[in-house]
Amino acid sequence: MIEVRELINTMLYDLNEMYARKHSDEEFINGINIVLRYINLALINAESYHITKEVTLKPKNGKATLPSDFAKFRNFEDYDGPYTFMKDTLRITGDNVVMRYLYIIPVVESIEDEIDLPYFLFDMITRYVEGMMQGNLSSDVVGQMVANEVNKLTQSETSGPIERPMPFYV
């Protein structure tokens with residue numbers, strides 16, 4: 001988890017604004033949200049396990065409502081029957097179906113929020129927000145740079161961390 005307060009404090013320090021601020025918290029939050037949208041889109045396109053959730057769907061009359069943060073379908077657990085996506089519903093024949101999906105990262109609204117992303121993205125977020133705040137980077141350029149960097153990070157992803165059995169038992 002990445003704390004927004006820590007992100008903003010790091011950016012204030014990097015931009016030499018700890019004691020003489022030029023940018024408000026709202027400007028930093030807006031910049032963070034712009035970068036997060038690009039990161040989210042790149043992670044969705046890469047089908048990253050970093051933004052994968054699991055939910056148990058309980059269909060009524062063959063229909064289940066998709067979660068509000070649903071972005072892209074990943075797979076079902078122990079289900080190989082027919083299914084169809086229609087807007088915000090899923091037509092499915094089964095009871096209590098476990099679905100994995102890629103989700104939309106929530107918008108940052110205050111300095112007290114936390115971002116549900118791995119900490120190794122902290123520096124990337126600060127670097128691009130600082131570039132936009134200084135006027136060195138436009139949001140279009142940031143979008144392309146984020147996509148390239150996330151692509152490199154997720155290139156070797158398959159289905160998440162490898163789980164291996166212990167070689168011995170105690």
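Tutor: What follows sets values against definitions, one label at a time.

Tutor: This is a predicted model, in which local features need pLDDT of at least 70 and side-chain atom pairs count only at pLDDT 80 or more, while totals for chains, interfaces and linings use all residues. Residues are numbered from 1 along each chain as its sequence is written, and side-chain values use heavy atoms, with hydrogens and water left out.

Student: What is the mean pLDDT of the protein chain?

Tutor: With pLDDT being the predictor's confidence in each residue, from 0 to 100, the chain has a mean of 89, and 92% of its residues reach 70 or more. Confidence is lowest in α4, at a mean of 87, and highest in β8, at 95.

Student: Why is D95 called exposed?

Tutor: The relative accessible area of D95 is 70%, and the label exposed requires over 50%, whereas buried means under 20% and partly exposed lies in between (1.4 Å probe, protein chains only); D95 is therefore exposed. D95 lies in the loop between β6 (89-92) and β7 (97-103), where helices (H or I, at least four residues) and strands (E, at least two) are DSSP runs, numbered from the N terminus.

Student: What makes the buried residues of α1 line one face of the helix?

Tutor: The buried residues of α1 are V4, L7, I8, M11 and L12. Seen down the helix axis they fall within an arc of 130°, so they line one face; the arc is that of the directions from the helix axis to the C-beta atoms. In general, an α-helix has 3.6 residues a turn, so residues three or four places apart point the same way. Among the elements that cover the buried residues of α1 are β1 (2-3), α2, β8 (114-115) and α3, and after α1 comes N16, whose phi is positive, near 55°.

Student: Which residues is I115 in contact with, leaving aside its neighbours within four places in sequence?

Tutor: Contact means heavy atoms within 4.5 Å, and on that basis I115 is in contact with M1, I2, V4, L7, I32, L36, I105 and V108.

Student: Why are β2 and β4 said to stand at the edges?

Tutor: Two strands pair if DSSP finds at least two bridges between them, and six bridges join β4 to β7. The open sheet has the order β2-β7-β4, with antiparallel pairing. Both β2 (52-57) and β4 have a single partner strand, so one side of each is left without a neighbour in the sheet.
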